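Reader: I'm new to this structure, and I'd like to go through it slowly with you. Please start wherever you like.

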Amino acid sequence: MVYYTAMKKPAWSILPDEWKPILTDRGLRAFRADQILQSLYRDMILDWDSATTLPKDFRETLKEEFPLTKFEVTAVSESADGTKKLLITFADGESVETVLIPARDRFTQCISTQVGCAMGCAFCASGANGLVRSLKADEIVAQYMAARAYGDITNIVVMGMGEPFMNYDETMRALKLINAGKGPNVGARHITISTCGVVPGFEKLSQEGLQFELSVSLHAPNNEIRSTLMPVNRSWPMEELLETCARYTKATKRIITFEYTVVAGINDSRANAEELARQVRRVPMAKVNLIPLSPVSHRPDFKTPDEQTMLMFLDVLMKNGIQTMLRRSRGKDADAACGQLRLRRIRQDDSTCA
Ligand code: SAH
């Protein structure tokens, strides 16, 4: 028994290509791999008893050795624009949010990589109480599986709770699985990872040879402002971050999108926009997404800028030759207090673009 317990491997942590060797290692028949994959990712089973194409005794083996991660959708809130936020609770009672964002030509899911977050960005609700724990790959995949009950997910953004580069291995395993042809098969270019600027993660990602999109939360035009909003800036200041971004775009030929949350009176002046343009120009193939702050209850002093300020900021960046998009939050009425799951990757939502 001890032997088998040690061998337990959550099914949603196994990449499609790994099934055959894992099965044969355990004296199981390799041809079962394709049947398993069909049950998992075509039929989208949530428990092995539903895999009725497999013999019953084999299902018992699968249950024992490759459990399907238990989760419950413990809350669903829907906003007027069709955005749904699900609260997913795991066996240990910890929960994360995942958000489903419908649009004309896509259905985007925003997923979480950690319960809470250690990064402590000033305006972020998820980090307000620190990190509880990182998610395992199968728990990240479980969010995708939960979402499939609501429709075919075409795009994934890793912009939920947590910092993906602080949980690099598990996050990458989950994304590779979701991307796999014999898995859910969500295209790599439809998967966006967002980091607050954990520099070692860039090097690792550039060596993966994958086509995932990368967003970097910048939120400030200089170290002085950035360090007050984002403690991570004290570990990896802007010069180092921007140099790393430049190396990344040169090595991978992939675009980087800088996220810039505009906070009234903090980072929203014309001078801030001009300085931001100078900084961003140091990175080839960089774009900027401007997002108005979503108010958060733990920082009532942070205010959302008015439309005019957003347009001024956009105008300055564009006049400086920076490709810029203005985004709007979606799903606000689903949970107004949540600034983290800002729902903004949707083309129909873009009010302006360069
Ligand atoms: N840790 C990663 C991904 C999660 S946060 C990162 O930092 O990129 C996803 C995005 O939401 C980040 O750009 C983050 O700074 C932003 N965000 C957090 N709280 C926000 C708020 N109240 N208003 C607007 N954007 C916010």
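Reader: What is the relative accessible area of Arg 173?
Author: Arg 173 has a relative accessible area of 28%, and it counts as partly exposed. On this scale, with a 1.4 Å probe and protein chains only, buried means under 20%, exposed means over 50%, and partly exposed is in between.

Reader: And what kind of model am I looking at?
Author: This is a predicted model, in which local features need pLDDT of at least 70 and side-chain atom pairs count only at pLDDT 80 or more, while totals for chains, interfaces and linings use all residues. Residues are numbered from 1 along each chain as its sequence is written, and side-chain values use heavy atoms, with hydrogens and water left out.

Reader: Back to that arginine: which side chain does Arg 173 meet in a salt bridge?
Author: The partner is Glu 18, with 2.9 Å from N to O; a salt bridge here is a side-chain nitrogen of Lys or Arg within 4 Å of a carboxyl oxygen of Asp or Glu. Glu 18 sits in the loop between helix 1 and helix 2, whereas Arg 173 belongs to helix 6 (residues 168-179), so the two tie together parts that lie 155 residues apart in sequence. Helices (H or I, at least four residues) and strands (E, at least two) are DSSP runs numbered from the N terminus. Glu 18 is partly exposed too, at 24%.

Reader: How many salt bridges are found in the whole structure?
Author: The search finds 19. One of them joins Lys 8 and Glu 64, at 3.8 Å from N to O. That pair links distant parts of the chain, 56 residues apart, with Lys 8 in the loop between helix 1 (2-7) and helix 2 (19-25), and Glu 64 in helix 4 (residues 56-65). Lys 8 is partly exposed at 37%, and Glu 64 is partly exposed at 31%.

Reader: What does Asp 92 form a salt bridge with?
Author: Asp 92 pairs with Arg 133, and their closest N and O atoms are 2.8 Å apart. These two are 41 residues apart, Asp 92 being in the loop between strand 2 (84-90) and strand 3 (95-102) and Arg 133 in strand 6 (residues 131-134).

Reader: Which residues are linked in a network of salt bridges?
Author: Such a network connects Asp 49, Lys 56, Glu 60 and Lys 63.

Reader: Changing topic, what domains does the assignment give?
Author: The chain is assigned domain 1 (11-65) and domain 2 (71-353), with bounds that come from an automatic or database domain assignment. Their centres, taken over C-alpha atoms, are 34 Å apart.

Reader: How many residues of each domain are in contact with the other?
Author: Contact means heavy atoms within 4.5 Å, and by that rule 13 residues of domain 1 touch 15 residues of domain 2. The two domains bury about 1,200 Å² between them, 74% of it on carbon and sulfur atoms; buried area is the accessible area (1.4 Å probe) that two parts lose on being put together, summed over both.

Reader: What is the count of salt bridges between domain 1 and domain 2?
Author: The count is 2. Separately, Lys 182 forms a salt bridge with Asp 34, with the closest N and O atoms 3.5 Å apart.

Reader: Now, where does His 298 lie?
Author: His 298 is in the loop between strand 11 (286-292) and helix 12 (307-319), and it counts as partly exposed at 34% relative accessibility. Not counting residues up to four places away in sequence, His 298 touches Ala 122, Phe 123, Cys 124, Ala 125 and Ala 128. The side chain of His 298 reaches the backbone oxygen of Ala 122 at 3.1 Å. His 298 and Cys 124 are 174 residues apart in sequence, yet 8.9 Å apart in space, C-alpha to C-alpha.

Note on methods: A polar contact is a pair of N or O atoms within 3.5 Å; within protein, one must be able to donate a hydrogen and the other to accept it, and residues adjacent in sequence count only if both atoms are side-chain atoms.
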